[in-house]
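Subject: Handing over a structure, with notes on what was found

Dear colleague,

I am passing a structure on to you, and the notes that follow it are meant for someone who has not seen it before. Please keep it open while you read.

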Amino acid sequence: MALIAVLDYGIGNLRSAAKALERVGADVHLTADPELIRDAAGVVLPGVGSFGRCMEALEDSGLDELAVEAAFSGRPFLGICIGMQLLYHGSEETPDVPGLGVLPGIVRSLPDTVKRPQMQWNTLEMRRDTLLLAGLGASSWVYFVHSYAALPDEYTVATCDYGGPVSAAVEHDNLWATQFHPEKSGRAGLRILANFVRHAVQAAEAA
C-alpha cells in the first residue's frame, strides 16, 4: 500500500482527515518529516480556521516549501478547505499574508447577500470529468464550512451555488483541492478520498 502523507503543521483537526483516509484503506502518516513527505505516494494539505493563521503555522513548521515542492512534484496532491485556499497567491481575509502561489488568483469573501460562513451541506455542480470526483452523481451533497472561496476559473472542476458560483473543487494535472470537507461529507466524501488514494497507488506503481 502506497504511503499518504498528511502535512502536520499543528493547527486544526488534521487527524480527522487522516482518519477518513485510513477508513478508505490508505497507509496514512500525519507527519512533518521531510523525508517521509518526499517519499510519499500522495500528499494531503488540510486546513481549518483563518488563512493567515494557517499560513503562519505552515511557515513556522517549515512545511510551506515542502508543500509547494509536493504540489509541483507530479505526485497526487490534495488540498482541503483552507488547505485549498493556501494554494492561491493570497486571500482577502488576510491581504498582507501571501499564499503558496501554486494556483493563480486571490481567494475572495463570499458575497454580502449570503450568511457567512457557509456552514451547511450543498450540492456540487460538475463542470467536467475529473479523476477526483469520478463516480459521484451529477449533484452530490458535500459539507462546507467557509467564509472565503476562490472564484471559478479554468482549473475548476465543480462549483456550488452560494450567492453565485463558488469554486468547490479544482484539478490541475495531479493537483486537486476541495473547498468542502470530504472527511465530513459522508459517502460522497469517502468516495472522493478513495479516488485520491487509488490514483496515488496507481501513480506509485507506475513510477
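Which order do the strands of the open sheet of eight strands have? The order is S2-S1-S3-S4-S13-S12-S11-S8, and the pairing in this sheet is mixed. Strands here are DSSP runs of E with at least two residues, and helices are runs of H or I with at least four residues, both numbered from the N terminus; two strands pair if DSSP finds at least two bridges between them.

Before going further, please note that this is a predicted model, in which local features need pLDDT of at least 70 and side-chain atom pairs count only at pLDDT 80 or more, while totals for chains, interfaces and linings use all residues. Residues are numbered from 1 along each chain as its sequence is written, and side-chain values use heavy atoms, with hydrogens and water left out.

Buried stands for a relative accessible area under 20%, exposed for over 50% and partly exposed for what lies in between, computed with a 1.4 Å probe on protein chains only. S3 runs parallel to S1 (residues 3–7), to which three bridges join it, and glycine 42 in S3 is the bridge partner of isoleucine 4. S3 also pairs with S4 (residues 77–80), in the parallel sense and over three bridges, and here leucine 45 has glycine 79 in S4 as its bridge partner.

The largest nonpolar core has 76 residues, of which Tyr9, Leu21, Leu86, Leu100 and Phe196 touch the most other members. Its largest share, eight residues, comes from helix H6 (residues 186–206). A nonpolar core is a set of buried Ala, Val, Leu, Ile, Met, Phe, Trp, Tyr and Cys residues joined through side-chain atoms within 4.5 Å.

Leaving aside neighbours within four places in sequence, leucine 21 is in contact with Ile4, Val6, Ala26, Val28, Val44, Leu193, Phe196 and Val197. The axes of helix H1 (residues 14–23) and H6 come within 9 Å and cross at roughly 75°. Where do the two helices meet? Ala20, Leu21 and Arg23 in H1 meet Leu190, Leu193, Phe196 and Val197 in H6, and the residues of this contact divide into six nonpolar, no polar and one charged.

The three-stranded sheet

A further open sheet is formed by three strands in the order S5-S6-S10, with mixed pairing. S5 (90–91) and S10 (148–149) stand at its edges, each with a single partner strand, so one side of each is left without a neighbour in the sheet. S6 (residues 106–109) pairs with S10 in the antiparallel sense over two bridges, and arginine 108 stands opposite alanine 149 in S10.

Leucine 63 has its place in the loop between helix H3 (51–60) and helix H4 (64–71), and is buried, with a relative accessible area of 1%. Not counting residues up to four places away in sequence, leucine 63 touches Leu7, Asp8, Tyr9, Thr31, Ala32, Ile37 and Leu58.

Arginine 38, in helix H2 (residues 34–39), counts as partly exposed at 44% relative accessibility. Apart from neighbours within four places in sequence, arginine 38 is in contact with Leu66, Glu69 and Arg75.

Threonine 123 lies in strand S7 (residues 118–123) and is buried, with a relative accessible area of 18%.

With best wishes

Definitions and conventions:
Contact means heavy atoms within 4.5 Å. Axes are lines fitted to C-alpha atoms, for helices over the stretch in contact, and angles run from 0 to 180 degrees between N-to-C directions. Ala, Val, Leu, Ile, Met, Phe, Trp, Tyr, Cys and Pro count as nonpolar, Asp, Glu, Lys and Arg as charged, and the others, Gly among them, as polar.
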